[in-house]
Amino acid sequence: IDEMLAQKKEYNKTIEKYKGFKIQIYYGSEKECYKVKEEFTSLFPGINTSIIFSTPQWKLQIGNYRTRLEADYAMVSIKKEYAAAIVLATEIEIE
């Protein structure tokens with residue numbers, strides 16, 4: 001059993017993506033997406049941001065939350081500034 005656990009730990013170190021959650025705070029034009037990103041970064045400096053292009057719209061997603069509970073907790077403060085924010089199930093990067 002100890003050997004199997006050690007193998008599993010080594011395997012987990014090779015995984016770069018993980019099923020988790022992000023919060024999408026913007027969906028629209030490229031110019032506005034970058035503007036919202038700058039605004040968000042100044043309001044919430046410790047949260048990661050990702051800009052994604054999905055024809056024909058640009059999306060701004062934030063955070064890397066392992067659980068829905070973590071994402072919902074972050075939404076409490078984010079919804080105050082970005083009322084249209086939604087939680088999305090997606091792949092996140094493991095730190």
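This is a predicted model: local features need pLDDT of at least 70, side-chain atom pairs count only at pLDDT 80 or more; totals for chains, interfaces and linings use all residues.
1. Start with the largest nonpolar core, which has 19 residues. Those touching the most other members are Ile 23, Ile 25, Tyr 65, Ile 78 and Tyr 82. Strand S1 (17-28), helix H2 (30-43), strand S3 (57-65) and helix H3 (68-81) are the elements that each give two or more residues to this core.

2. Tyr 82 deserves a look of its own. Setting aside neighbours within four places in sequence, Tyr 82 is in contact with Ile 25, Val 36, Glu 39, Phe 40, Leu 43 and Phe 44.

3. On to H3. This helix has 14 residues and spans 20 Å from its first C-alpha to its last, close to the 20 Å expected at 1.5 Å a residue. Still, H3 bends by about 40° at Met 75, and Met 75 is also one of the buried residues of the helix.

4. Which residues of H3 are buried? They are Ala 71, Ala 74, Met 75 and Ile 78. An α-helix has 3.6 residues a turn, so residues three or four places apart point the same way. The cover over the buried residues of H3 includes S1, H2, S3 and strand S4 (86-93).

5. Then there's Lys 22, in strand S1. Is it buried or exposed? Lys 22 counts as buried because its relative accessibility is 10%, and the cut-off for buried is under 20%. Its side chain makes a polar contact with the side chain of Asn 64 at 3.5 Å. Beyond neighbours within four places in sequence, the residues in contact with Lys 22 include Ser 50, Gln 61, Tyr 65, Ile 86, Leu 88 and Glu 91.

Methods:
Residues are numbered from 1 along each chain as its sequence is written. Side-chain values use heavy atoms; hydrogens and water are left out. A nonpolar core is a set of buried Ala, Val, Leu, Ile, Met, Phe, Trp, Tyr and Cys residues joined through side-chain atoms within 4.5 Å. Buried means under 20% relative accessible area, exposed over 50%, partly exposed in between (1.4 Å probe, protein chains only). Helices (H or I, at least four residues) and strands (E, at least two) are DSSP runs, numbered from the N terminus. Contact means heavy atoms within 4.5 Å. The expected span of a helix is 1.5 Å times one less than its number of residues. The bend at a residue is the angle between axes fitted to the seven residues ending there and the seven starting there. A polar contact is a pair of N or O atoms within 3.5 Å; within protein, one must be able to donate a hydrogen and the other to accept it, and residues adjacent in sequence count only if both atoms are side-chain atoms.
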